[in-house]
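Student: I've got a model open and I'd like to learn how to read it. Can we go through it together?

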Amino acid sequence: MKDNFIRFLYAVDVYLLYLLSGVLSAAGVVAYYSIRAALDYGSIGEIADAYAFVEYISALVTGKSSLVLLVSYIIVILVLFLSFALRRKSILDYTGLSYSRFVSVISATLLGAVLNLITYSVIPDTVQGTGEIDAVLILCVILGPFVEELIFRGVLLKMFGAACGVFFASVVTAALFAITHTETVQIIYTFVLGILLAAIRVRSTSLWPPILLHLSFNITGAVAMLNPLVFEKEGILLLSGAAALLFVLSCTGGRKYAQKKETVK
């Protein structure tokens, strides 16, 4: 019992590191633009009141959420690899990146797109057509699934699974994944998505299907920002049937999922 509790705390520590990376990246981006704003004011010789200066900084920072995400992904990967290295453990032992079934990979990729279409058809307000996608957003759309799946369906699922079992670990990682998304609607559908990703990770015995599902979901969402595609009731029912079939195919795997019982030190 004591060892399981310590394993549980290890998993919580990893999640806190993930959250801390977001805080540090946000602070770094704000600090950079604050310094830039101060230099701008100095170069043009203006002496403004504090309120005007804060407004100027806010204008510079506005719309930089993608940059904050990108920096946080880089930070969390570096910190995680370093923390595992200090404990003389390999983070890759938790991932299942070395193998995958072709049917599972293809099905998961298609499932990601279908789930996105269903989500934005049922809750159309979750996507807004902006007409533009910048390079930083594209990097986040591509890099995000690798980092988040490595953490949630890789490291955390394995750690919580070792402490409390796979079912509990699947629910907990889905909940933690959901609450990292700030909007209420996002929290709801990302929790459901997290459950599906965990199930596919366990049943397929590979991390590649969840990564590609997540990547496909993100890419479809990015495309929808340019041209939202919403289906009517009949189309949603058809997509739901396709999603159920693709989910079953995504869960095909060749080996039993192994919970890693790491030695507590």
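This is a predicted model: local features need pLDDT of at least 70, side-chain atom pairs count only at pLDDT 80 or more; totals for chains, interfaces and linings use all residues.

Student: Is Cys140 buried or exposed?

Tutor: Cys140 has 6% relative accessibility, so this cysteine is buried too.

Student: How many disulfides are there?

Tutor: The general idea is that a disulfide covalently links the sulfur atoms of two cysteines. Here the count is 0.

Student: Now the core. Which residues have the most contacts inside the largest nonpolar core?

Tutor: In soluble globular proteins, nonpolar side chains tend to be buried together. In this model, the largest nonpolar core has 44 residues, and Ile151, Phe152, Leu156, Met159 and Leu213 have the most contacts inside it. Elements giving two or more residues to this core include α1 (2–43), α5 (135–164) and α8 (208–226). The top contributor is α5, with 9 residues.

Student: What does Leu213 touch?

Tutor: Setting aside neighbours within four places in sequence, Leu213 is in contact with Ala108, Leu111, Gly112, Leu115, Leu193, Leu197 and Ile200.

Student: And loops? Where is Ser206 found?

Tutor: Look in the loop between α7 and α8. Not counting residues up to four places away in sequence, Ser206 touches Gly96, Tyr99, Ser100 and Arg201.

Student: What lies 3.2 Å from a polar atom of the Ser206 side chain?

Tutor: That's the backbone nitrogen of Trp208.

Note on methods: Residues are numbered from 1 along each chain as its sequence is written. Side-chain values use heavy atoms; hydrogens and water are left out. A disulfide is a pair of cysteine sulfur atoms within 2.5 Å. Buried means under 20% relative accessible area, exposed over 50%, partly exposed in between (1.4 Å probe, protein chains only). A nonpolar core is a set of buried Ala, Val, Leu, Ile, Met, Phe, Trp, Tyr and Cys residues joined through side-chain atoms within 4.5 Å. Helices (H or I, at least four residues) and strands (E, at least two) are DSSP runs, numbered from the N terminus. Contact means heavy atoms within 4.5 Å. A polar contact is a pair of N or O atoms within 3.5 Å; within protein, one must be able to donate a hydrogen and the other to accept it, and residues adjacent in sequence count only if both atoms are side-chain atoms.
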